[in-house]
Structures are given as C-alpha cells and as structure tokens.
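Subject: Structure handover

Hello,

Here is the structure for you to look through. Please open it first, then read the notes below it.

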Amino acid sequence: MTKQEFIQKIAGYVQKYAAQYGITVYSPIIAQAILESGWGESKLAAVYHNYFGLKCGTKWKGKSVNLTTQEEYQPGTLTTIKDNFRVFDSMEAGVQGYFEFIQLSRYQNLKGITDPRTYLEIIRADGYATSSTYVQNNMRLIEQYNLTQYDRKGDSMGKIEKAVQQMEAWAKDASHGYDQIYRWGEKGDFDCSAAVIQACENAGIPVKSNGATYTGNMLTVFKKCGFKDVTSQVTLSTGAGLIRGDVLLNTSHHTAMYCGDGKEVEASINEKGTATGGNPGDQTGKEFLIRAYRNYPWTNVLRYAEAGGNDTGKKTVAEVAKEVLSGAWGNGDARRTALTNAGYDYDTVQAAVNKLVKGQTVTPAKSVDEVAKEVINGKWGNGDDRKKKLIAAGYDYDKVQDKVNALLKKPTVDVTKIAKEVIAGKWGNGEERRSKLTAAGYDYDTIQKRVNELVKGS
C-alpha cells in the first residue's frame with residue numbers, strides 16, 4: 001500500500017466515524033495513525049489492526065497482544081517496556097476503536113475542537129502520548145501531506161456524513177421504497193442524480209431548494225447548489241484525492257456519491273432505473289448497489305463548498321507545492337494543466353516545489369504589510385483580478401486583504417490632517433519623515449500619497 005493509499009483509507013474511516021463521537025477535526029487523527037503505525041507497517045498495525053498504539057487499560061474486554069514499546073517519561077530519554085495492546089479485526093474496526101478509546105472521561109475535552117494543533121496539544125496533555133515532540137511530529141505530517149484537506153468546517157461535516165450514510169443505507173436495502181421517492185416526471189423512471197440529490201436534502205444540504213432539477217447539465221446544477229468543482233485535485237484514473245461525500249459526474253450526466261475506501265464508492269442507480277453492478281448499463285434489477293470506482297468513466301468531482309479545506313482560492317503557493325510533492329497534482333503536462341486551470345501560476349509553484357525538495361523554506365519575497373500597502377496604492381488591481389494575482393505570486397489572499405482592511409480603517413480626515421502637517425514641515429523630509437511617520441503608527445505610503453494629492457491641488 002502506498003502512502004497516499006494509506007492516507008485515503010484511514011481518512012475515509014475517520015470521516016465515517018468522527019462525527020458520531022463528537023469529533024470535528026480529522027487531520028490530526030490521520031497524522032496520529034501515520035505516526036503511531038509507521039504508515040501501517042508496524043507489527044501492531046499490520047497484524048493486529050491497531051493503528052494508534054491503543055493499550056488495553058482496565059476497561060478493555062476484547063482481544064489483546066503483549067508487545068514491546070518505548071515511552072519517553074523524561075524528555076529525551078526513552079524507556080523500553082512491555083505492555084498489552086488492543087487487537088482489532090480490520091482497519092475500519094481499528095479506527096472506530098480509536099474513537100471508542102477517546103470516550104474515556106479524560107478525553108472529553110477533545111469534542112468540538114476544530115484546530116489540528118490544539119487537538120494534538122490537548123490529547124497529549126490528557127496523557128495519550130509521552131513523546132516530548134508528539135505535537136510537532138504530527139503537525140509535520142499534517143503539513144507535508146496536506147492532511148487538512150480532509151477537515152470539515154462547522155455543521156457541514158455532519159451533514160455530508162449523513163448524506164453518505166443515507167446512500168450506504170439505500171445501497172444495502174434493496175427493499176427500500178425507492179419507486180415512491182425517485183420518480184422522474186410521469187414516466188416512472190429512476191434517476192441516479194435523484195438519489196444523490198435526495199440524500200443531500202435528507203441530510204440538510206439545501207440542494208433542491210437552491211434550484212436543482214433531475215435533468216440537464218448536472219455539473220451546472222450541483223455547482224448552483226453549493227458544490228464546487230475540485231476535479232483538478234483528484235487523479236480521476238485512480239480516485240486518489242477523493243474525500244468521503246464527494247459527488248462524481250460523468251459526461252453522460254451519471255451521478256454518484258463517493259462513500260470511501262478508494263474502491264467502493266457509489267450508491268445510486270442509472271438513468272434507466274436499473275442497477276449497474278460493475279459496468280455501465282448492466283441490467284441486474286431495480287436495486288441500489290455500491291460500485292467500484294474504476295468501472296465508470298468519471299470526468300468531474302464536486303465537493304460541498306462548506307466542507308472547506310480544499311478551497312484553492314485560499315491556498316498559498318507553499319501549500320500547493322506540498323500537495324504537488326505528495327502527488328495530488330500529477331506530473332508533467334498534466335500537472336501544468338491542472339495548476340493553471342485551478343488559477344495558479346505553474347512556474348511559481350514549480351519553483352516552490354524545487355525549493356522544498358532542496359530542504360529550503362518557501363516564503364514570498366515581501367511581507368504581508370508591504371504587499372497590503374501595494375494593494376492600497378493600486379498595484380495589485382481589484383476584485384477577482386487582485387485575488388488571482390496575489391495567489392499566483394505566492395501570497396495568502398485573506399491575510400493580505402485583512403491587513404488592507406486594517407490599514408484603511410483610519411479615517412480619511414486623519415490622513416489629510418497628517419498630510420497637511422507633513423507639508424507644513426512637522427515631520428521632516430526623506431528617510432527622517434518615513435521613520436517618524438512609521439514610528440507614530442502611520443502608513444508612510446498612504447500619507448505620502450495624500451501629500452502628493454494636496455500639493456497637486458486634488
């Protein structure tokens with residue numbers, strides 16, 4: 001199993017169970033599984049499906065195994081011990097076992113946490129790990145493999161999971177009265193998109209109410225209903241990059257919902273109301289099935305916008321470069337095309353990738369303060385044009401815009417007043433003026449611009 005495949009499988013199970021146990025952030029848990037299990041290759045993980053180093057404790061009544069491990073009771077000093085660890089029957093059971101483990105009273109403060117670092121700091125302080133570098137090691141994995149892409153924000157996390165569970169339930173229940181729910185017009189046919197749309201509606205995602213219909217271009221329909229196109233972030237030939245709850249479309253307008261695991265992804269029926277048991281058009285009866293990903297030519301992947309974490313408009317060049325290294329953007333011309341289509345400057349991203357490969361830090365040439373001042377002076381344009389330029393240059397658009405807003409909070413009358421004082425000679429000239437204005441908390445470029453306007457009589 002490759003590292004990306006391991007991430008995909010663990011992430012799918014984390015997404016499946018987290019909300020049920022009150023956990024609202026996924027990336028630190030995925031990182032814990034990587035770190036604790038050595039990418040699933042430790043004996044405890046590979047043989048006993050314990051991916052989190054879970055010890056038995058007094059409440060565990062299931063199977064166990066006694067193994068050697070190391071603890072860092074004193075910073076920098078490792079102590080070798082033998083202890084009893086929990087044994088699970090599968091990866092899914094092992095992940096669910098993690099959430100059952102943190103139901104212990106001392107871990108109840110993890111519920112509702114949305115920041116990955118905060119989650120890790122709290123769980124370590126609660127006694128989960130003894131390593132003095134536990135938080136840093138996990139955060140390094142989160143950043144290197146862009147694990148925050150699997151995080152969901154707010155209540156949308158629960159809604160998406162409910163939609164997936166609805167699809168899975170229909171897939172397993174062939175006796176469900178689907179003929180009363182998925183009727184297309186008066187013909188009595190059944191529609192794949194209807195199943196996905198209804199599952200979203202049942203979960204509280206307002207698809208129909210935002211104007212969706214069961215006919216026409218489903219790409220347009222779902223985008224109108226709050227989903228965004230993330231095709232460039234997924235390798236369509238293998239499904240790498242898919243997140244549980246993604247909506248899949250193809251050029252024939254067939255629609256499905258990704259249900260996890262990297263293999264079994266679809267729970268829906270085709271346009272004729274018949275199930276597709278592996279290949280498009282298979283006539284195997286009117287029932288819902290979960291089909292294998294590779295057996296259908298998907299062309300587009302849509303993600304509910306409120307899910308967050310994958311909004312390419314908010315990613316820095318450094319973040320995208322890390323994704324490139326993890327394989328999320330493909331190679332060669334395919335990478336160039338995907339990055340360009342997503343609004344990134346290929347050469348800038350590739351330069352950042354080269355720096356990371358050499359172990360160098362990727363940072364923009366100018367500070368946020370400097371760029372914000374340039375924005376105010378008109379250098380970076382306006383609206384979407386400004387956003388695209390800043391992102392392409394490697395800057396965090398939101399941070400720059402926040403700084404711009406902060407700088408512009410000073411009333412114009414104050415700027416005019418200070419500008420008049422400058423003209424009167426109160427603030428000196430040249431570098432002396434710049435130093436005095438900056439030390440007093442004023443933005444030199446903004447004041448100087450107003451000085452120039454006043455001198456010109458504007």
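Start with one term: a residue is buried under 20% relative accessible area, exposed over 50%, and partly exposed in between (1.4 Å probe, protein chains only). Aspartate 89 is exposed, with a relative accessible area of 59%.

Two points on the source. This is a predicted model, so local features need pLDDT of at least 70 and side-chain atom pairs count only at pLDDT 80 or more, while totals for chains, interfaces and linings use all residues. Residues are numbered from 1 along each chain as its sequence is written, and side-chain values use heavy atoms, with hydrogens and water left out.

Salt bridges

Side chains of opposite charge can pair when their charged atoms come close. A salt bridge here is a side-chain nitrogen of Lys or Arg within 4 Å of a carboxyl oxygen of Asp or Glu. How many salt bridges does a search of the whole structure find? The count is 10.

Aspartate 89 takes part in one of them. Its partner is lysine 63, at 2.6 Å from N to O. Lysine 63 lies in the loop between α3 and β1, and aspartate 89 in the loop between β2 and α4 (91-101), so the pair ties together parts that are 26 residues apart in sequence. Helices (H or I, at least four residues) and strands (E, at least two) are DSSP runs, numbered from the N terminus. Lysine 63 counts as partly exposed, at 48% relative accessibility.

Lysine 55 and aspartate 83 make another salt bridge, at 3.8 Å from N to O. This pair links distant parts of the chain. Lysine 55 is in the loop between α3 and β1 (64-74), and aspartate 83 is in strand β2 (residues 77-86), 28 residues apart. Lysine 55 is partly exposed, with a relative accessible area of 25%. Aspartate 83 is also partly exposed, at 25%.

Glutamate 421 pairs with lysine 426 in a salt bridge, and the closest N and O atoms are 3.7 Å apart. Is glutamate 421 buried or exposed? Glutamate 421 is buried, because its relative accessible area is 18%. Lysine 426 counts as exposed, at 55%.

A sheet and a helix

Next, look at an open sheet of 4 strands. The order is β5-β10-β6-β7, with antiparallel pairing. Two strands pair if DSSP finds at least two bridges between them. Which strands stand at the edges? They are β5 (227-229) and β7 (255-257). Each has a single partner strand, so one side of each is left without a neighbour in the sheet. Neighbouring strands of this sheet are turned by 30° against each other on average, direction ignored. Axes are lines fitted to C-alpha atoms, for helices over the stretch in contact, and angles run from 0 to 180 degrees between N-to-C directions.

β5 is joined to strand β10 (residues 300-304) by 3 bridges, and the two run antiparallel. Phenylalanine 227 has tyrosine 304 in β10 as its bridge partner.

Helix α8 (residues 192-202) lies across β5, β6 (247-249) and β7. The helix runs at about 40° to β7. Contact means heavy atoms within 4.5 Å.

Aromatic rings

Rings of Phe, Tyr and Trp (its six-membered ring) pair if their centres lie within 6.5 Å; planes under 30 degrees apart count as stacked, over 60 as edge-to-face and the rest as tilted. By this rule there are 14 aromatic pairs.

One of them joins phenylalanine 6 and tyrosine 51. The pair is tilted, at 6.2 Å centre to centre and 45° between the planes. Phenylalanine 6 is in helix α1 (residues 3-17), and tyrosine 51 is in the loop between α3 and β1, 45 residues apart. Phenylalanine 6 is buried at 1% relative accessibility. Tyrosine 51 is buried too, at 5%.

Phenylalanine 227 lies in β5 and tyrosine 304 in β10, so the pair ties together parts that are 77 residues apart in sequence. Both residues are buried.

Tyr21, Phe52, Tyr98, Phe99, Phe101, Tyr107, Tyr128 and Tyr134 form one aromatic cluster.

Best wishes
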